Amino acid sequence: MIDKDTATSTTTATLGDLVRIVGAMSQHVSTDTARQSLCAIVIGADQITATDSYTAAIFTPDTAITAGDTVMINGRELLTAVNNANKTLKRDGAPVVEIVSDGKRWVMTATGATATTTAGGNVIKYAYPNVNAVFDQTADTMNGWLPTGVNGDYLARITTAHDKLIGKADTPLVIKSWQGNVKPIQFETTTELGTLRQILMPVPP
């Protein structure tokens, strides 16, 4: 549980990069407000994580963009803030974004060549699922193909996240590993920003 009122965190990135990263991670954010932790994008020093319990994603930047403690931000609020800033500052040089949290609230400041925009909200403080443990259940190599079903809507989240992070079409979505028809399927997207790993729980036919 992330509950330190004195926790501090600062994330710094170009607006264009953050649009891609948040756009990808938001595909795994739940709309169930009764489960606040699943509505979050979790930003830490080593990775950014999101899960709605049916799919999950971990983005590992090649160069750290966050310093300080881990913070949980409502994913849809963050997506709206980033997209609004992009609309306002898209033609204003190369805007830089800074997201600062004091453990209670988060504030995003996007600064372009001639203008600045801000947005913010309350930090989420609930227990968060151990997404890394689920990823650890997948193997490094496939052990053969068995009849497997997938939820098409959930698979669409995987491909949409891949496309948003890549930022261009016709790039292969790599199936990294799969152990069987009831085990998580892991996908991997590698970009100049870092690596996005995603998992999808199969639906046995």
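At what angle do helix 1 and helix 4 pack, and how far apart are their axes? The legends below begin with this pair of helices and refer throughout to a predicted model.

**View 1. Packing of helix 1 against helix 4.** Helix 1, formed by residues 15-25, packs against helix 4 at an angle of about 175 degrees, and the two axes are 8 Å apart. Angles over 145 degrees count as roughly antiparallel, and helix 1 is therefore roughly antiparallel to helix 4. On the side of helix 1, the contact is made by Arg20, Ile21, Gly23 and Ala24. Helix 4 contributes Ala161, Lys164, Leu165 and Ile166.

View 2. Helix 1 is largely enclosed by the rest of the structure, because eight of its eleven residues are buried. The buried residues are Leu15, Leu18, Arg20, Ile21, Val22, Gly23, Ala24 and Met25.

View 3. Is threonine 191 buried or exposed? Its relative accessible area is 11%, so threonine 191 is buried. A polar atom of its side chain lies 3.0 Å from the backbone nitrogen of leucine 193. When neighbours within four places in sequence are left aside, threonine 191 is in contact with Arg20, Asp62, Leu165 and Ile166. Arg20 and Leu165 also take part in the contact between helix 1 and helix 4.

**View 4. The aromatic pair of tyrosine 54 and tyrosine 154.** One aromatic pair is found in a search of the whole structure. The ring centres of tyrosine 54 and tyrosine 154 are 5.1 Å apart and the ring planes stand at 20 degrees, so the pair is stacked. The pair links distant parts of the chain, since its members are 100 residues apart. Tyrosine 54 belongs to the loop between strand 3 (48-51) and strand 4 (55-61), whereas tyrosine 154 belongs to helix 4 (residues 152-166). Tyrosine 54 is partly exposed, with a relative accessibility of 45%, while tyrosine 154 is buried at 17%.

**View 5. Serine 53 and its backbone angle.** Serine 53 is found in the loop between strand 3 and strand 4. Most residues other than glycine have a negative phi. Serine 53 is not a glycine, yet its phi is positive, at about 85 degrees. With a relative accessible area of 38%, serine 53 is partly exposed.

**View 6. Serine 30 in the loop between helix 1 and strand 2.** The loop that holds serine 30 runs between helix 1 and strand 2 (40-43). Serine 30 is buried, its relative accessible area being 12%. The side chain of serine 30 reaches the backbone nitrogen of aspartate 32 at 2.9 Å. Apart from neighbours within four places in sequence, serine 30 is in contact with Leu38, Cys39, Asp52 and Arg76.

**View 7. Arginine 197 over the ring of phenylalanine 135.** Arginine 197 is placed over the face of phenylalanine 135, at a distance of 4.8 Å from the ring centre.

View 8. Valine 182 and proline 147 are 35 residues apart in sequence, and their C-alpha atoms are 9.7 Å apart in space. Leaving aside neighbours within four places in sequence, valine 182 is in contact with Pro202 and Pro204.

Methods:
Residues numbered from 1 in each chain as written. Predicted model: local features only at pLDDT ≥ 70, side-chain atom pairs only at ≥ 80, totals over all residues. Heavy atoms only, no water. Phe/Tyr/Trp six-rings, centres within 6.5 Å; stacked < 30°, edge-to-face > 60°. Helix = DSSP H or I, 4+ residues; strand = E, 2+ residues; numbered from the N terminus. Buried < 20%, exposed > 50% of the residue type's maximum accessible area, 1.4 Å probe, protein only. Lys NZ or Arg CZ within 6 Å of the ring centre and 35° of its normal. Polar contact = N/O pair within 3.5 Å; in protein donor to acceptor, adjacent residues only side chain to side chain. Contact = heavy atoms within 4.5 Å. Axes fitted to C-alpha atoms, helices over the stretch in contact; angles between N-to-C directions. Parallel < 35°, antiparallel > 145°, perpendicular 65-115°, else oblique.
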